[in-house]
Amino acid sequence: MTEEDPGPLLRLFGLTGGRARPQGEAFDLVAIVVTVSGSYEPAELIPEHRAVLSLCRRPTPVADVAAHLELPLNITRVILGDLRREGLINIERPGPVAQTIDERIYREVLHGLRSL
Amino acid sequence: MDYAASEPGTTAVASALAIKILIAGGFGVGKTTMVGTISEIRPLHTEELLSERGVGVDDTAGVESKTTTTVALDFGRITIRDGLWLYLFGTPGQDRFWFMWDELAVGALGAVVLADTRRLKDCFPAVDYFEQRGVPFVVAVNCFDGARRYDPAKVRRALALKENIPVVLCDVRRRDSVRDVLTTLVTYAVKGV
């Protein structure tokens, strides 16, 4: 019972108000996060929120956001869920693979791989 | 591309696509090496907080719980162009993290099952998993130093794979070799050949 220091965990959940699940619709690891431009940025945003808004001015997958924040994925998801609820970011649900990867994208991917 | 110019609430994101590919296989078979060999970034490492029971902690009671643990998730990225990426996720090796595969597998283009012929049975669970869920996969036999080269047909028989599932030999330390495996997977997943 004593081998683990609960400090880091408590700090992490402090970022999310103790929540481990994001608000609203679930989103995928590679769902694309993009900052809503021109939205009013509340003054009380925590640094993690600001970091997301800055990073996602360019569309960024959820997993990348977690890596940049150096936070666990589900903590990152709670943060993203909050920002989405505030209307500060959009999170696009990836479409079915078969429909999103058309001939053009397939060829682009093959070409990209071959030129590595 | 100037995404900042888009109107609030519009789906400027529609032009961006991250394609998910899983790298599976037994412990120590070379999954992390494979991701590192081909990734344009040092494999990023994130962690998933979870409870031992395999479900997310739903309330603050979980915070005090000593059953909370973390599982590392390594992933790499290949940028095809601005707004089009391949993401490679190494699947957690330990059995107790199987449930995480469900999330990883949803929407994945396909998977590479890495096999070590010295411990071929280690990749049985991954093969079963992807077969059951209909996730396209290829089997890549990692040819370690000193390991004699195996006949892919024998590996296919040992794994009882359908004829159309590609079995290829590779060296996960070599970029061109990993690239060929991914090319095979993408073609198989999209074209079925």
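Predicted model: local features only at pLDDT ≥ 70, side-chain atom pairs only at ≥ 80, totals over all residues.

Student: What makes H3(A) and H4(A) roughly perpendicular to each other?
Tutor: The axes of helix H3 (residues 62-69) of chain A and helix H4 (residues 73-85) of chain A cross at roughly 105° and come within 9 Å. Angles from 65 to 115 degrees count as roughly perpendicular, and therefore H3(A) and H4(A) are given that description.

Student: Which residues meet where H3(A) and H4(A) are in contact?
Tutor: From H3(A) come Val62(A), Ala63(A), Val65(A), Ala66(A) and Leu69(A), which meet Leu73(A), Thr76(A), Arg77(A) and Leu80(A) of H4(A). Sorted by class, this contact has seven nonpolar residues, one polar and one charged.

Student: Why is the pair of Phe75(B) and Tyr87(B) called tilted?
Tutor: Their ring centres are 6.0 Å apart, and rings pair if their centres lie within 6.5 Å. Their planes stand at 40°, whereas stacked needs under 30 degrees and edge-to-face over 60, so the pair is tilted.

Student: What does the pair of Phe75(B) and Tyr87(B) tie together?
Tutor: Phe75(B) belongs to strand E3 (residues 68-81) of chain B and Tyr87(B) to strand E4 (residues 84-90) of chain B, so the pair ties together parts that are 12 residues apart in sequence. Both Phe75(B) and Tyr87(B) are buried, and together with Trp85(B) and Phe89(B) they form one aromatic cluster.

Student: Which residues touch the most other members of the largest nonpolar core?
Tutor: They are Phe89(B) and Phe130(B), in a core of 94 residues. Strand E1 (residues 17-25) of chain B gives the largest share of this core, seven residues. Leaving aside residues up to four places away in sequence, Phe89(B) touches residues of both chains, including Leu29(A), Val30(A) and Ala63(A) as well as Ile21(B), Ile23(B) and Leu104(B).

Terms used:
Residues numbered from 1 in each chain as written. Chains lettered and ligands numbered in written order. Heavy atoms only, no water. Core = buried A, V, L, I, M, F, W, Y, C linked by side-chain atoms within 4.5 Å. Buried < 20%, exposed > 50% of the residue type's maximum accessible area, 1.4 Å probe, protein only. Helix = DSSP H or I, 4+ residues; strand = E, 2+ residues; numbered from the N terminus. Contact = heavy atoms within 4.5 Å. Axes fitted to C-alpha atoms, helices over the stretch in contact; angles between N-to-C directions. Parallel < 35°, antiparallel > 145°, perpendicular 65-115°, else oblique. Nonpolar A, V, L, I, M, F, W, Y, C, P; charged D, E, K, R; others polar.
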